[in-house]
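Please read each answer beside the sequence and the 3D view.

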Amino acid sequence: MGSSLSMLWNSSNDNVIDPVTNLSGRQKKLVQNTWSILKKDPVGTGVAIMIAYFKKYPEYQKLFASFSNVPLDELPNNKKYQAHCLNIVTALGSVIDAINDPPLMEASLISLGERHRRRGQTKEQFDQLKAVILEIIGVSLGSKFTPETRDAWNKTLDVAFECLYKAYS
């Protein structure tokens, strides 16, 4: 009986749109379910994101003193680089963990945005990173990255980055 009620409750919430995030219950579930795949290898996921970012925008590697002069092909084995990549995946995980608590997500991301703004990172650099993150999520998920899943991730990243950008206002 409990599982029947749970299924009824979950399916009835699938179409409810969160007024803060503009995500439906179904979209939140898609993001959470696919995140469970990506977070199995957090360092690998972060390395894939940042390698793609530096390949697309090589000038940005120079902004990271800890690994600014490390050749791109050596970065995946560099522990300082791996640590930074892990931080990125941890931040993404915090977004997913707080997807049902938008004020918590916002507070966390504003703090992250403030730290990066003080270091000189720009909104443009974050916009470019957001596009790379979405691209790498798609590659990593393969056939599981359906148009519906892509839309859910795109909306989630839009909400997350809008919160982060509040630190730039």
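Q: Which helices each supply at least two residues of the lining of the largest pocket?
A: This is a predicted model, in which local features need pLDDT of at least 70 and side-chain atom pairs count only at pLDDT 80 or more, while totals for chains, interfaces and linings use all residues. Residues are numbered from 1 along each chain as its sequence is written, and side-chain values use heavy atoms, with hydrogens and water left out. Helices are DSSP runs (H or I, at least four residues), numbered from the N terminus. Those that each supply at least two lining residues are helix 3 (42-56), helix 4 (79-97), helix 5 (102-118), helix 6 (123-141) and helix 7 (147-165).

Q: What is the volume of the largest pocket, and which lining residues are the closest to its centre?
A: On a 1 Å grid over the protein atoms alone, a pocket is an open set of points where a 1.4 Å probe fits, with protein on both sides within 12 Å along at least five of seven lines; lining residues have an atom within 4 Å of a point. Grid points are joined across faces, edges and corners, and a volume is the space filled by probe spheres set on the points; for the largest pocket this is about 700 Å³. Of the 29 residues that line the largest pocket, the closest to its centre are H84, I88, L112, H116 and F126.

Q: Which helix gives the largest share of the lining of the largest pocket?
A: The lining draws at least two residues from each of several helices, including helix 5 and helix 6. The largest share amounts to eight residues, and it comes from helix 4.

Q: Is K28 buried or exposed?
A: K28 belongs to helix 2 (residues 25-38). Buried means under 20% relative accessible area, exposed over 50%, and partly exposed in between (1.4 Å probe, protein chains only). Because its relative accessible area is 9%, K28 is buried.

Q: With which side chains does the side chain of K28 make a polar contact?
A: A polar contact is a pair of N or O atoms within 3.5 Å; within protein, one must be able to donate a hydrogen and the other to accept it, and residues adjacent in sequence count only if both atoms are side-chain atoms. A contact in general means heavy atoms within 4.5 Å, and K28 touches D18, T21, L23, I99 and N100, not counting residues up to four places away in sequence. The polar contacts of the K28 side chain include one at 2.8 Å with the side chain of D18 and one at 3.2 Å with the side chain of N100.

Q: What phi does N22 have?
A: Most residues other than glycine have a negative phi. N22 is found in the loop between helix 1 (2-13) and helix 2, and with 45% relative accessibility it counts as partly exposed. Although N22 is not a glycine, its phi is positive, at about 65 degrees.

Q: Which residues does S24 touch, not counting residues up to four places away in sequence?
A: S24 lies in the loop between helix 1 and helix 2. S24 is buried, with a relative accessible area of 9%. With those sequence neighbours left out, S24 touches D14, N15, V16 and I17.

Q: How are F64 and F67 arranged as an aromatic pair: stacked or edge-to-face?
A: Rings of Phe, Tyr and Trp (its six-membered ring) pair if their centres lie within 6.5 Å; planes under 30 degrees apart count as stacked, over 60 as edge-to-face and the rest as tilted. The structure holds 13 aromatic pairs. In the pair of F64 and F67, the rings are 5.1 Å apart centre to centre with 15 degrees between the planes, and the arrangement is stacked.
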